[in-house]
Structures are given as structure tokens and as C-alpha cells.
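Here's a quick briefing to read with the model open beside you. Grab a viewer and follow along.

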Amino acid sequence: MTVPTPAPVPSAGAPVGYFDARALLDPVNPAEVDAFARAQRAANPTPAGRIVAWVVAGFALLCVVPVLAIMILGLGYAIGRETGVAVAALLGLMLLAGLVIGIVMLVRRSIRLRNLTRFRLARFAGANAMSYIERIDDPPLPGMIFSSGSSRMSTDVLRGVEPRFVEFGNYQYTTSNGKQSTTHRWGYVAVKLDVPLPNIVLDALGNNTLGSTLAAAFRSDQRLSLEGDFDRYFSLYCPTGYEVDALYLFTPDVMARFIDHAAQLDVEIVDDWLFLYARRNLSTLDPATWAWLFGAVGALLTKLDQWARWRDDRLRLAAQHPSLPTYGAPAPAPAGAPALPFAAPAGMLTPPPIGVAPPGQRLRRRSPWLIVGIILGITFVVTAAPFALGIFSVLFLR
């Protein structure tokens, strides 16, 4: 996959700082916005799919206009014969001209507002030591939302690399159910970790609505209750057998950071990534949203260093080294070997393996056949109930 080239950063006229939101609000020069839009179009050509969509829309419009014209002329003829046809033709032309002008104005306004948004976000990124990418098709991220549906893409991506890789963006994908399709929209923050960790999901209870819980697809036996008030804010899911590891990662001070700064965000740890999710756009022109996100990420980064020391003992046991040395017993030095300032243990030592054993790499999901069985059972009961009541009344109530 080819990642689009980051946008050229316009001059913001502001010193680089940890959080500088002036680019989101300050007046802009229309000429600079136009130049930025031209540079964006040159760096990121229009996708073929979008061109095809415009062609199909134009063809559909050409098919609809003659039908409407015939209907209007027919109505005029029915009302006033030749005079009615002339009046109807005049009104039809005026209606068509107004429709075309209105569509053109709406499209131009939409494009102008979109270019202004991109320009401001690019300036904001440059003022805060980040880069701006307009769009990434099918982003190669391992989070759970990035593998669902089709037409997957991230937009308005802001990316920083120091002190570690952090990416802010909006994301959408489409799911189809027969003839209906639904576009799902998310905002996300992706933070690169130092080592792979077990797949852990924190379902924020503060943003759950009916049927919208993020962890609905996971098996309930993977739910882990933590101490204190943490369960009032998050439902934590971890792979079976990794409960102790989850307790090691989510110490009381780490839990406090998540409660204070990320209680309205769903959280996923997968491979060597930490994801924060929201069911709305996060890459916006709202300074308050960016202040909240920067504060949340900054607060969490100070606690992520201790996660780098985690190791999966299952990998070490699976290696099955038959000749590990006995620690504490100095090894005799070989004849003629140079003196060392320490006593080297016998045998060849290798660093502890980094990674996660297969059972901890992904949470187990609910079986779809169980859900299908429940639906079929309910359908059968609802369908058969009237017949059962009828037979019961005939046999016992007559």
C-alpha cells in the first residue's frame, strides 16, 4: 500500500510549541488556501473510483432531466395546449437553470470549506511538530475497526514521531446488508508502543448507548474486574490466562490516568499499538477537542514506559532451552581464556523473547452461530405461538 505524501505545511506565522491552536482560528489568506489546494491536488491525484462516481452521477442526471422535461411539457399541454406548452417550457428552463446554479454553488461552497479545513489542519500540524496527510486508503493498522467492512479510509490524519509515533485521524468504512449499506465513522488516536502486548480492550461505559458497546463481539468470560472505581468507567477484556499480565500493565496509577483523561474513549491494545476510539470525528477545527486529546495522550505517555518491561513468560517456556545455566554458580574459565571482570555463566545466553504468545495476541469473539441460533429460536417461537395457542384452545377449552 502506498501512503500519500504528507501535505506541504503552509506558513503559520507562529513558533512551534507543544500546543498551539491559533492556526485553527486565525484569519487566512484566500490566495494561500488556493495555493495549498493546488499543491494537494498535485500530490494526491483524484482516485479513479471518485471519478467514476462523478461520471455515474452526471449520467443519471442526464437521464432524469429529459423525463422531467417531458412531464412538464405534457402537463402544460393538458392545461393550455400550445400556450401551456410554451409557458411550461419557459418555467422548466428557469427551474433547470436554478437547479444547475444551486448545485454548482453548493458544490463550490463545499469544496471551499473543505479546502479551508485542510489548510487550517495542515497549519495546526506544522505548528505542533506534526505532518498532515489528507487521506489514507485502507490504513495498515491492526485495530479492530480497521478490519471491518469495505471502502476503508482515514482522512485528515495528523502524525507525529517524537517522542514516539502518534497518529490522530478520522476513519470510516462501509458495511452492506442486502440492499442497504451503512457508513460507520470513527475518530482514533494510534500510539506506537515499545513492545507487543496482549490484546486488551477497555470499553468505556460513559459513551455506550443502546447496542453500541464496542466489546459486544467478545466473549463475556474474558471480562476482568479491577480494583477501585475502574469498573465504573471501563469494562476490561483480556485473553484467558492473561489476567495477571493485565494486572501488571494496569497498575493503580495507570488506571487513574485512564479514568482522568480517557474515560470517554474506548481503548484497545493490540500487538505494539495503543488505540483510542471515539464514535465521532476527532480531527476537527475545534481547539477544545485537540487540547483534550493532547492532554490525554501526554498523560498516558508518561506511564507507557513501564509497559516496555513486560515480557510474555509463555514464549520463554515455549523455547524450551535444555541447557540453561545455573545462576549464582560461577563457571570455570577455559584454559588460556583472557581474564574477565565478571564470572560468565556456562552456556550461550540469549535475550528474553519479545512478543506475545498466540493465545494472547487476539481476544476470542462470540460465535456467530450462537447469535444466529438465538434469532432463529425467537423467530420460531413467535411464529409457532399462535398455532400452539389455537391447538391448545381446541383441545382443552372447547
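Serine 151 belongs to strand 2, and its phi is near 55 degrees, a positive value in a residue other than glycine. Keep in mind that this is a predicted model, where local features need pLDDT of at least 70 and side-chain atom pairs count only at pLDDT 80 or more, while totals for chains, interfaces and linings use all residues. Numbering runs from 1 along each chain as its sequence is written, and side-chain values use heavy atoms, with hydrogens and water left out.

**The overall picture**

- The protein has nine helices and seven strands; these are DSSP runs numbered from the N terminus, with helices being H or I of at least four residues and strands E of at least two.
- Of its 398 residues, 34% count as buried.
- Among contacts with a separation of 6 or more, 72% come from residues 24 or more positions apart (contact means heavy atoms within 4.5 Å).

**Strand 3 and its partners**

- Strand 3 covers residues 166-177, and nine of its 12 residues are buried, so it is largely enclosed by the rest of the structure.
- On one side, strand 3 pairs with strand 2 (residues 150-160) in the antiparallel sense over seven bridges (strands pair if DSSP finds at least two bridges between them).
- Threonine 183 is in strand 4 and counts as partly exposed at 38% relative accessibility.
- Not counting residues up to four places away in sequence, threonine 183 touches Gln172, Tyr173 and Thr174.
- Threonine 183 and serine 150 are 33 residues apart in sequence, with 9.4 Å between their C-alpha atoms.

- The peptide bond from glutamate 162 to proline 163 is cis, with omega near 0 degrees, and proline 163 lies in the loop between strand 2 and strand 3.
- Aspartate 138 has a phi near 50 degrees, which is positive in a residue other than glycine.
- You'll find aspartate 138 in the loop between strand 1 (131-137) and strand 2, partly exposed with a relative accessible area of 39%.

**Cores**

- The largest nonpolar core has 56 residues, of which Phe168, Leu236, Phe250, Phe258 and Trp307 touch the most other members (a nonpolar core is a set of buried Ala, Val, Leu, Ile, Met, Phe, Trp, Tyr and Cys residues joined through side-chain atoms within 4.5 Å).
- Strand 4 gives the most to this core, with eight residues.
- Another core, of 20 residues, lies apart from it and includes Leu141, Tyr173, Ala190 and Phe218.
- Beyond its neighbours within four places in sequence, phenylalanine 250 contacts Ile200, Leu202, Leu226, Leu236, Met255, Phe258, Ile269 and Trp307.

**Aromatic rings**

- Rings of Phe, Tyr and Trp (its six-membered ring) pair if their centres lie within 6.5 Å, and planes under 30 degrees apart count as stacked, over 60 as edge-to-face and the rest as tilted.
- By this rule there are 21 aromatic pairs.
- One of them is the stacked pair of tryptophan 273 and phenylalanine 275, at 5.9 Å centre to centre with 15 degrees between the planes.
- Both partners are buried: tryptophan 273 has a relative accessible area of 12%, and phenylalanine 275 is at 0%.
- Ring pairs link Phe146, Phe165, Tyr171, Tyr173, Trp186, Tyr188, Trp273, Phe275 and Tyr277 into a cluster.
- The charged end of arginine 314 sits over the ring of tyrosine 242, 3.7 Å from its centre (that takes NZ of Lys or CZ of Arg within 6 Å of the ring centre and within 35 degrees of the ring normal).

How values were computed
Buried means under 20% relative accessible area, exposed over 50%, partly exposed in between (1.4 Å probe, protein chains only).
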